[in-house]
Structure formats: C-alpha cells, structure tokens
Amino acid sequence: MTDTALETHDEAGTFVEAPAMADDDAALFAGDTGVLPYEARRALALVLQRRYLSAAAHPAEWKALLAHQNALASRCHDLFVELVVDRDYEIAYKRQVREAGLSIPVLLKDEPYKRVETLLMLFARNRFRQEQGAGERAAHVDAEELVDYALGFLAADETNLAARRREIDNAVATLVREHVLDEVAEGRYRVQPVVEILLPVERLRELTAWLRDPAAADLSRTEAGDDETDAVDEDEEARA
C-alpha cells in the first residue's frame, strides 16, 4: 500500500491529511502504550500511592475509577494486589493478595500503628459513630480533646510529660498526613470515614481487650503496638 492510500479527498478533490488514529490520541507522553484515559490513570496511581482514594478529595478520579473499575482491578491483580471499592463510604483502597500455595512477591507491607496513634483513632472512630448516630453529616475533634484522651493512658508515675505530648502531637500529624483526620481550622479536625475501615468491628474487639490491660495500653511504652494496617494502604509513601 502506498502512502497516498492513507490520504482522503475533500469535495474539491484535493488531498487532505487523514485524522490521527484513536490510539495516538490516547497517548499522554512519548512512547505511551497505555490504554486508559487520563483520569482513570490518575485514579489508579493515587490508589497505589496513597492510603486511600476518596470521592470527596478526588471527585474526578473517583468517577473515573467507578467507570473503569474492572480494568483498574485487573491491573492491580497483575501486581497481586486487590482493589477494594466501598461505595457506601465512597472510598477505594488496596490490599495485598495472600494465597496459600502461591509464592507472591509482597508489595504492601504490614506496618503496625504505634500505641498512641491507635488510641487517637479509637477516639476519632467513637466520635464519628456518635455523630452519625445523631444524624450529623460530619464529625469533628479538637486537638486538646485528642491530647487529653491520650494522656489519660499515661502511667501514674510518668514524669516526662513534655516527651509524651510531643509523641501525641506527632501521632496527630501522622493521622493528618494519612487523611484519617483533615485539619479544617487550627487545632480542629474532621474525622474521615476511612477510620471505620481502619478499625472494623473485629479489630475493635481486640483493641478493647488490649485497652483493658493497663500495661499494654500504657502510653509511656513507645514501641509499636500490634494493630496492623493491612486493611488499607500498607505502603504509604509518607511512611516508607
């Protein structure tokens, strides 16, 4: 076939350039062989990068994720990762596939939360459920509420209060960075629905038993607790 066979004629009989192929239109950069549209690619990248993707924070990507959910799930499966989409809370996150009998390279690490982070999430989750039960659309907590709650788990003979306060402040910063809490004003945070996924009912039962053990829940013990984050993003860029 000659090159002129790819050309078309206009009404005057002159040659005009043929329109570009659809595959060329989809290319976003030199050498691009991807087939997903831009917003769907962004949705996939954000799910892989972050602890979770929410409709509230990324409405365009959330819409694209729903429209291309099967394709995005397939790409995650190629990496032995499961894409979980919670339409009730409008949240999507990833989970490591583990299958007996399969040798699977693990991409997502089980990283435990520290005790103080777990305590703050428990407080935030309780507030979230209370506000939901009262018919409120949003739940908020204040920094001092979080501090007072965590300090309540200090050992009776704890003397290094400044160090414990820094530890609590760092824990709040971690939950903000991971969008479990979103700061809406100085010292005031909105609790995100993802806290219910991070602390499902089964985990709450375990943590309730843990909190009943003063030695285990003692905030002055700074080593990491045993609360796994496998339910959501275990490889958050900020925690790498």
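Predicted model: local features only at pLDDT ≥ 70, side-chain atom pairs only at ≥ 80, totals over all residues.
The axes of helix α2 (residues 38-49) and helix α3 (residues 59-67) cross at roughly 100 degrees. The two helices are therefore roughly perpendicular to each other. Their axes come within 8 Å. On the α2 side, the contact involves Glu39, Ala40, Arg42, Ala43, Leu46 and Val47. These residues meet Ala60, Glu61, Ala64 and Leu65 in α3. By class, the residues of this contact comprise 7 nonpolar and 3 charged, with no polar ones.

A hairpin is formed by strands β4 and β5. Strand β4 covers residues 81-86, and strand β5 covers residues 91-96. The strands pair in the antiparallel sense, over 6 bridges. Within this pairing, Val84 stands opposite Tyr93 in β5. Between the two strands lie 4 residues. Glu90, in the turn, has a positive phi of about 55 degrees.

The largest pocket has a volume of about 520 Å³. Its lining consists of 29 residues. Nearest the centre of the pocket lie Ala56, Tyr89, Arg190, Gln192 and Pro193. At least two lining residues come from each of β3 (53-54), α5 (115-133) and β9 (188-191). Helix α5 gives the most, with 3 residues. The lining divides into 12 nonpolar, 12 charged and 5 polar residues.

Terms used. Residues numbered from 1 in each chain as written. Heavy atoms only, no water. Axes fitted to C-alpha atoms, helices over the stretch in contact; angles between N-to-C directions. Parallel < 35°, antiparallel > 145°, perpendicular 65-115°, else oblique. Contact = heavy atoms within 4.5 Å. Nonpolar A, V, L, I, M, F, W, Y, C, P; charged D, E, K, R; others polar. 1 Å grid on protein atoms, 1.4 Å probe; cavity = no way out; pocket = protein on both sides within 12 Å on 5 of 7 lines; lining within 4 Å. Points joined across faces, edges and corners; volume = space filled by probe spheres on them. Pairing = 2+ DSSP bridges.
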